[in-house]
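Visitor: I am new here. Please show me the sequence and the structure, and let me ask about them.

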Amino acid sequence: LPAIATVIGSGTMGPGIAATLARAGTQVRVYDISDEALARAEKSTAFAASVLDQIGGDSAPGGSVSFSSDIAVALDGTEFVIEAVPEKLELKKSVLAQIEGLVGADVIIATNTSGIPITTMGEALGTPGRFIGMHWSNPPHLIPMIEVIPGEATDAAVTDRLVEIVKAFGYHPVIENEIAGFVENRVLYAILRECVALVQEGIVTQEALDTCVKWGIGYKLAVVGPMRLLDMAGLDIYQSVSSYLNKELDASTETPSVITESIAAGRLGFKSGGGMYDYAEGDVDAKRADIVAGLVAVRKALSATT
Ligand code: NAD
């Protein structure tokens, strides 16, 4: 693991990333352009660290997290940089160029972009060989899988080193070729498209759909991945079902109207107190706590399996 690492941007993702690396023994420096975001990040990093304590497992000595509104201070002596600023190409390009100007030539610069092509972002750098995608899944301190996405210019040694780093803090690295949405979100969005269509068409209530997916395929897929599931089911079974079912599945390319109409009515989900479901005062906080407790419990249980 790098002795010193820097996280640039401390909004939703930065704090959990910092807490995870610190627990593994790295001195993490967090930088944000906003003092307010840094103050919030101090609290959310402490919260993420407490969640990591609940999961248990090893905590390496020497780890720490410090916060700075001075990017030069945050990057001084760093060995590894993770960029997690908002998903805007021009902003990311200018931040990356700024980072490159302040770090040594051998420092790996990784981006947590959700889908901007790595090759395009890398054009902002003088040495794009050091640049790579490192896509954490939200919440980053709880989901122990990271998509590693080399761009066309990324050095093979940088990919190897990032895989080593990810393994060193106990996460599962997944190497991919560059593709829109990367792998995890492509699979998620394929599932969400069908789920929203089934609810919108009135085939199933949303409560029943959630039960079906959580206790059916969700529970099963947490234990056995889709490719292994094919073996479990039998490829011949998949052939006979997919031969009539695939053409029935939703294939629309637009966002479904049930979603756009909710947004137009100001219903965005947890952040606006209502979305697919209604939330009374206190419900959102209770739901969030419930989700964290569930993820901690399942992660502990799954850690005991292969
Ligand atoms: P966010 O908007 O919550 O936080 C971004 C932070 O960057 C803010 O605190 C902002 O003040 C700061 N920032 C803005 N300009 C900056 C600059 N020039 N220098 C330093 N900091 C600056 O965003 P987020 O949800 O944490 O996402 C960060 C990145 O991670 C994005 O690329 C996003 O696509 C990706 N990502 C997000 C999620 C998610 O679920 N939120 C999951 C995976 C990946």
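The questions below go from the sheet to the ligand and then to single residues.

Guide: This is a predicted model: local features need pLDDT of at least 70, side-chain atom pairs count only at pLDDT 80 or more, and totals for chains, interfaces and linings use all residues. Residues are numbered from 1 along each chain as its sequence is written.

Visitor: What is the order of the strands in the open sheet?
Guide: Helices (H or I, at least four residues) and strands (E, at least two) are DSSP runs, numbered from the N terminus. Two strands pair if DSSP finds at least two bridges between them. The open sheet has eight strands with mixed pairing, and the order is β3-β2-β1-β4-β5-β6-β7-β8.

Visitor: Which strands are the edge strands?
Guide: An edge strand pairs on one side only. That holds for β3 (64–68) and β8 (172–175).

Visitor: What is the bridge partner of V30 in β3?
Guide: Strand β2 (residues 27–31) pairs with β3 in the parallel sense, over five bridges. In β3, V30 has as its bridge partner F67.

Visitor: Are the faces of β4 covered or uncovered?
Guide: A residue is buried if 20 or more other C-beta atoms lie within 10 Å of its own, exposed if 12 or fewer, and partly exposed in between, with C-beta atoms placed from the backbone. F80 and I82 on one side of β4 are buried, and so are V81 and E83 on the other. Both faces of β4 are covered.

Visitor: Which residue in β5 stands opposite I82?
Guide: β4 joins β1 in the parallel sense over four bridges. In β4, I82 is the bridge partner of V7. Four bridges also join β4 to strand β5 (residues 108–111), again parallel. In β5, the residue opposite I82 is A110.

Visitor: At about what angle does helix α1 run to β2?
Guide: Two residues are in contact if their C-beta atoms, placed from the backbone, lie within 7 Å. Helix α1 (residues 14–23) lies across β1 (4–8), β2, β3, β4 (80–83) and β6 (131–136). To β2, α1 runs at about 165°.

Visitor: Which residues around the ligand are the closest?
Guide: A residue is near a molecule or strand if its C-beta atom, placed from the backbone, lies within 6 Å of it. The ligand is surrounded by 23 residues. The closest are G9, G11, A37, S114 and N138.

Visitor: How many charged residues are in the shell around the ligand?
Guide: Ala, Val, Leu, Ile, Met, Phe, Trp, Tyr, Cys and Pro count as nonpolar, Asp, Glu, Lys and Arg as charged, and the others, Gly among them, as polar. The shell has eleven nonpolar and ten polar residues. The charged residues number two.

Visitor: How far are the "binding site" residues spread in space?
Guide: The annotation comes from an unreviewed UniProt entry and includes G11, M13, S114 and K271. UniProt positions are given in the numbering used here, feature names are shortened, and annotations may be inferred rather than shown by experiment. The residues cover 263 residues of sequence. Between C-alpha atoms, they are spread up to 25.0 Å.

Visitor: Why does M13 count as buried?
Guide: M13 sits in the loop between β1 and α1. Beyond its neighbours within four places in sequence, M13 is in contact with A84, N112, W136, N138 and P140. M13 counts as buried because its C-beta neighbours inside 10 Å number 21.

Visitor: Which residues does a cis peptide bond join?
Guide: Most peptide bonds are trans. Here, with omega at about -5°, a cis bond joins N138 and P139.

Visitor: What is phi of F182 near?
Guide: F182 is found in helix α7 (residues 182–200). F182 is buried because 20 C-beta neighbours lie inside 10 Å. Most residues other than glycine have a negative phi. In F182, phi is positive, near 55°.

Visitor: How many residues of helix α9 are buried?
Guide: Helix α9 (residues 226–233) is hardly covered. Among its eight residues, the count of buried ones is zero.

Technical notes: Axes are lines fitted to C-alpha atoms, for helices over the stretch in contact, and angles run from 0 to 180 degrees between N-to-C directions.
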